[in-house]
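Visitor: I have a new structure open and would like to learn how to read it. Could you walk me through a few features?

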Amino acid sequence: MASLFIRRLPRALALIASLINVTTAQSSETLWPLQTYKSSSIKTPSMNITKMGQTEPGYLFLTPHDIMRETGHPTIYSDDGQLVWQGAGGNYSALQPQMLHGEPVIAYWSGFAGHGFGFGHISILNSSYDEIHRVTLSCEEQNFVTVFDPMKFNSCIDIHESQITENGTILVTAVNVTQANLSSIGGKKDGWIQDGLIYEIDIATNEILFRWSAHNHIDQVPLVDVRAPLEGSDGSGVNSTYPYGYPHLNSIYRYGDDYLVSSRYMCSVFLIAQNGTVIWHLHGRTGGDFTLGLGTGFCYQHDVRFVSQSPERVTLTMHNNENTEFTGHTSLTTGLILNVELQGSKEVTLVGRTWDAAEPVYAQSQGSYQSLGNGHVLQDHGATPKIEEYDENGAIVMRARFGYDNTMQTYRTYRYPWLGRPSTKPGVVACPTKGGKTAVYVSWNGATDVGSWKVTSGTNVSQTALRNGFETTILVAGLSDGASVKVEALGGVGDGTKSESVTVGQGC
C-alpha cells in the first residue's frame with residue numbers, strides 16, 4: 001500500500017518519501033533520545049538547553065517532528081528542558097500561542113502534509129487544551145485542485161500560517177494547482193503552477209472575509225521573480241501533478257487594513273491592500289521597489305513581521321534562511337532587522353543581524369524570528385532542530401537542541417507566558433522498591449503551576465513533596481502491595497485536584 005501511494009506522488013515527493021524510508025532504516029544509535037515517564041505514556045524529544053545569560057520569561061511552544069520515527073506533536077517545554085504539555089500525535093505546523101478576545105489560546109495547523117505544503121484545518125485550544133474552534137476552508141467550495149487528485153480533502157488550509165487578529169479573525173495560506181503561461185521563464189505556454197493564496201476567515205463562523213491569489217495578480221507578482229528552477233520539458237510546470245512552485249507564501253500578518261506577505265521562492269515581501277493591489281514589493285536580491293543597502297540581501301526567508309511602522313519607514317524582522325534544497329551553495333542562516341524607507345531614497349538599511357558564531361546554522365527550510373521583551377530575540381531554525389535566544393546587544397544567552405540534524409524539525413518556535421489548566425486528572429503509578437518504600441510517580445500533562453504533591457493512602461499515610469519537573473518521584477513508607485493510593489495537587493489553578501485511586505504494584 002505504501003509503495004503504491006509513493007508511485008502516485010509527484011517525483012519530488014517520492015524522492016522525499018524514499019529518503020525518509022532510508023533514514024528510518026538507519027541504526028538506532030542515530031536516534032535522538034526521548035524523555036519517557038512512569039506515570040504517563042508520553043514520549044517526547046529530550047530538550048537540551050544551555051544558558052549563557054538571562055533569558056526572557058515564558059515557555060517554549062513548538063511542534064517537534066521526528067522524521068526517523070515518523071511522529072510529531074504540539075508541545076510546550078519549560079526553560080530547564082522539562083516537558084510541560086504534549087498533544088496528540090499527527091502532522092502539525094504553525095503552532096502559535098496568541099490571544100483571542102482577551103483570552104490566551106494555542107492555534108496550530110494539522111492535516112495531510114506534502115513536501116512544503118499541506119491540506120488541513122486550524123485547531124484553536126483554550127488553556128485547558130480543549131479545542132474551542134476549528135477553522136476550515138472547503139476545498140470543494142473554493143474549487144481547489146491538488147497534486148494528489150483524485151485524493152480529496154475536507155479542508156484546504158495550508159501548513160504555513162495561523163495568525164489571529166484583534167478582530168477575531170485568522171489569517172491562513174492555501175495552495176491551488178492551476179494552468180498558467182510559463183513562456184516568460186522558458187516554460188510552456190499552457191503550463192501549470194501551484195498558486196499561492198491567502199485568506200482571512202472569521203473564527204466563530206468560518207466565513208471568508210478576504211481572499212487573495214498571487215496568480216490573479218501576476219502582473220504585480222511576476223513569475224520572473226521566482227528563484228525556484230523550472231526543470232525542462234519533463235519537469236515542473238508541465239502537468240498538474242508536478243506544478244511549478246509559485247510563489248510559496250509562508251507568512252501573513254495584518255497591519256491596519258493591509259497584509260504583509262512573505263513569498264519564499266520569490267525571495268520577496270509584499271504589502272497588499274484590501275483591494276488586492278500590491279502597495280510595495282521588497283525583493284531580497286534585486287530590491288524590487290527599493291534599493292538594497294550593504295548587508296540587507298535575503299532569500300528563501302520565513303516569518304516576516306513589522307516591529308514598527310510609519311508612513312515614512314517600516315522596520316521588519318525575518319528568519320533569513322538563504323538556502324533551499326535546490327540552491328547549489330551553502331549560506332549562513334541569520335535573523336535580520338531591516339529599515340525600509342518608503343519615501344525619498346527608498347533605501348533598505350541593516351539594523352541588526354543575529355547568528356550563533358560558535359555553532360552556525362545553514363537551514364534549508366522553515367524557521368521563525370520572534371521579538372521578545374527588553375530587546376531579546378528568539379530564533380528557531382526549522383529544518384535544523386536548534387533554538388537560540390539573543391539579548392539586546394546581540395549576544396547569545398540560550399541554545400536549545402531537540403534533535404540531530406536531518407532527523408528532527410519544527411516549523412516555528414515561540415516563547416510565551418502560559419497558565420495551563422488541564423481538564424484531565426494527574427497520572428500516578430506506585431511501585432515497590434528494594435528498600436521497602438514505595439516510589440510514587442506523578443505527572444499532570446499541561447499543568448504549569450503545581451507547587452507540590454500530597455500522597456495519601458487510607459488514614460495512616462500522608463506525605464507531601466515539592467513538584468520536580470514534569471514527573472515527580474516521591475518515596476513513601478508504610479505502603480504495602482495492593483494498597484490504594486491517591487495524589488493531590490497543591491498550589492496553582494489546579495489546587496486540590498486529585499488523581500484516580502491506583503493500586504501499589506500495578507502498572508510498574
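This is a predicted model: local features need pLDDT of at least 70, side-chain atom pairs count only at pLDDT 80 or more; totals for chains, interfaces and linings use all residues.

Visitor: Let us begin with sheets. What is the strand order in the open sheet of four strands?

Guide: First, the general idea: strands of a sheet pair through backbone hydrogen bonds, either parallel or antiparallel. In this open sheet of four strands, the order is S8-S7-S4-S32, and the pairing is antiparallel. Strand S8 (83–86) and strand S32 (413–416) stand at the edges; each has a single partner strand, so one side of each is left without a neighbour in the sheet. From one strand to the next, the twist averages 20 degrees.

Visitor: How many bridges join strand S4 to S32?

Guide: Four bridges join strand S4 (residues 59–62) to S32, and the two run antiparallel. To find one of these on screen, pick Tyr-59: its bridge partner in S32 is Tyr-416.

Visitor: Which strands make up the open sheet of three strands?

Guide: That sheet has the order S33-S34-S37, again with antiparallel pairing. Strand S33 (427–432) and strand S37 (471–476) are the edge strands, each pairing on one side only. Between strand S34 (residues 438–443) and S37 there are six bridges. As a landmark, Ser-443 has Glu-471 as its bridge partner in S37.

Visitor: Now to charged side chains. How many salt bridges does the count come to?

Guide: The general idea is that side chains of opposite charge can pair when their charged atoms come close. Here the count comes to 18 salt bridges. Take Glu-131 and Arg-134, whose closest N and O atoms are 3.2 Å apart. Glu-131 is partly exposed, with a relative accessible area of 38%, and Arg-134 is partly exposed too, at 45%.

Visitor: Is Glu-200 buried or exposed?

Guide: Glu-200 counts as buried because its relative accessibility is 2%, and the cut-off for buried is under 20%.

Visitor: Which residues are linked in a network of salt bridges?

Guide: The network links Asp-356, Glu-359, Lys-386, Glu-388 and Arg-399. One of its pairs is Glu-359 with Arg-399, where the closest N and O atoms are 3.9 Å apart. Glu-359 lies in the loop between strand S26 (347–354) and strand S27 (368–371), while Arg-399 is in strand S30 (residues 396–401), so the pair ties together parts that are 40 residues apart in sequence. Glu-359 is partly exposed, at 37%, whereas Arg-399 is buried, at 18%.

Visitor: How many disulfides are there, and what is their pairing in sequence order?

Guide: There are three disulfides. If you number the bonded cysteines of the chain in sequence order, the pairing is 1-2, 3-4, 5-6. Cys-139 is joined to Cys-156, S to S 2.1 Å. The torsion about that S-S bond is about 110 degrees, so this disulfide is right-handed. Cys-267 and Cys-299 form another, with their sulfur atoms 1.6 Å apart, and both residues are buried.

Visitor: What is the handedness of the link between Cys-431 and Cys-508?

Guide: With -105 degrees about the S-S bond, that link is left-handed. Its sulfur atoms are 2.2 Å apart. The pair links distant parts of the chain, with Cys-431 in strand S33 and Cys-508 in the segment after S39, 77 residues apart. Cys-431 counts as buried, at 8% relative accessibility, but Cys-508 counts as exposed, at 53%.

Visitor: One last stop: what does Ser-128 contact?

Guide: Ser-128 sits in the loop between strand S11 (118–125) and strand S12 (131–135). Leaving aside its neighbours within four places in sequence, Ser-128 is in contact with Arg-421, Pro-422 and Ser-423. A polar atom of the Ser-128 side chain lies 2.7 Å from the backbone oxygen of Arg-421. At 19% relative accessibility, Ser-128 counts as buried.

Technical notes: Residues are numbered from 1 along each chain as its sequence is written. Side-chain values use heavy atoms; hydrogens and water are left out. Buried means under 20% relative accessible area, exposed over 50%, partly exposed in between (1.4 Å probe, protein chains only). A polar contact is a pair of N or O atoms within 3.5 Å; within protein, one must be able to donate a hydrogen and the other to accept it, and residues adjacent in sequence count only if both atoms are side-chain atoms. Contact means heavy atoms within 4.5 Å. Two strands pair if DSSP finds at least two bridges between them. Axes are lines fitted to C-alpha atoms, for helices over the stretch in contact, and angles run from 0 to 180 degrees between N-to-C directions. A salt bridge is a side-chain nitrogen of Lys or Arg within 4 Å of a carboxyl oxygen of Asp or Glu. A disulfide is a pair of cysteine sulfur atoms within 2.5 Å.
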